[in-house]
Amino acid sequence: MLGSGQWGQEETRELIFIRGELERDFTAAKHNKTLWEIVSARMKDRGYTRTPDQCKSKWKNLLNRYKGKETSDPENGCQFPFFEELDAVFTERAKTMQRRLLEPEAGSSSTQAKKKVKRTTTERSSDEFSEGEDEDESEEEKPARGTSHKRKKSDSTVVDKSPRPNSGTRTGLQEMLREFFDQQLRMEMQWREMMEKRAQERQLFEQEWQQWMEKLERERLMVEKAWREREEEMRRREESRAERRDSLLTTLLNKLINDNN
């Protein structure tokens, strides 16, 4: 399937599903160019050829539409067909962020932990649609977004006052990345094994096909030889009958001549 033109609904749902599978990796990674390449590769495995930039642009468009639907009147008649899929992704993201923030605060009081979760969740909800995906934006786009960056900086001041994640959180992120790369390595090894197996099966099939064609050729030669032998035998019999007939006619003629004399 070509990677140009409009996105179909099934293709868009596949993109949302794949992006949701990699949500933890997108949240943990600072640079997500490689992750978008993985999204493009998985889309290709499902029969949709899309470049990483196309997937990224489509995802931003979906986020904008989702945000507009979320902040608008639900009874205004607007229908966003992918609202439930995106809502499930961001609901799972919020739960994951709460779990991560509650783990370092296990030794502190529950009131402080709840306050930190509330502050961080508020900041995350206002910034969840950017996701740090504009790391490669042009210089022309940066001044236009200066006001938004100042607002985010002022909002993040409240979070900076809270205790930073301890080494256990960083270790957890490192374990997640290590697990992710190990999974990619296993997938690559499985893909290579599958390709080698297919090559062996194709070679075996070609050998069997060649043997079968050789067998058919031998049978054809045998049938042709038998047919030629039968034709030769029939020709010899015909010649023998013709010789006997000529000999008989000659004998009769000679006899009649002798009788007349």
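At 0% relative accessibility, Val-39 counts as buried (under 20% relative accessible area with a 1.4 Å probe, protein chains only).

User: What kind of model is this, and how are residues numbered?
Analyst: It is a predicted model, where local features need pLDDT of at least 70 and side-chain atom pairs count only at pLDDT 80 or more, while totals for chains, interfaces and linings use all residues. Residues are numbered from 1 along each chain as its sequence is written, and side-chain values use heavy atoms, without hydrogens or water.

User: Where does Val-39 lie?
Analyst: In helix α3, residues 33-45. Helices are DSSP runs of H or I, at least four residues, numbered from the N terminus.

User: Which residues does Val-39 touch?
Analyst: Leaving out residues up to four places away in sequence, Val-39 touches Leu-15, Ile-18, Leu-22, Phe-26 and Cys-55. Touching means heavy atoms within 4.5 Å.

User: New topic. Which helix gives the most to the lining of the second largest pocket?
Analyst: α9, with seven residues. Both α3 and α9 (167-260) supply at least two. Ile-38, Trp-191 and Met-194 are among the lining residues.

User: On to α5. How many residues does it have, and how far does it reach?
Analyst: Helix α5 (residues 83-102) has 20 residues and reaches 28 Å from first C-alpha to last. That is close to the 28 Å expected at 1.5 Å a residue, counting one less than its number of residues.

User: Which α5 residues are buried?
Analyst: Leu-86, Val-89, Phe-90, Arg-93, Thr-96, Met-97, Arg-100 and Leu-101.

Methods
Buried < 20%, exposed > 50% of the residue type's maximum accessible area, 1.4 Å probe, protein only. 1 Å grid on protein atoms, 1.4 Å probe; cavity = no way out; pocket = protein on both sides within 12 Å on 5 of 7 lines; lining within 4 Å.
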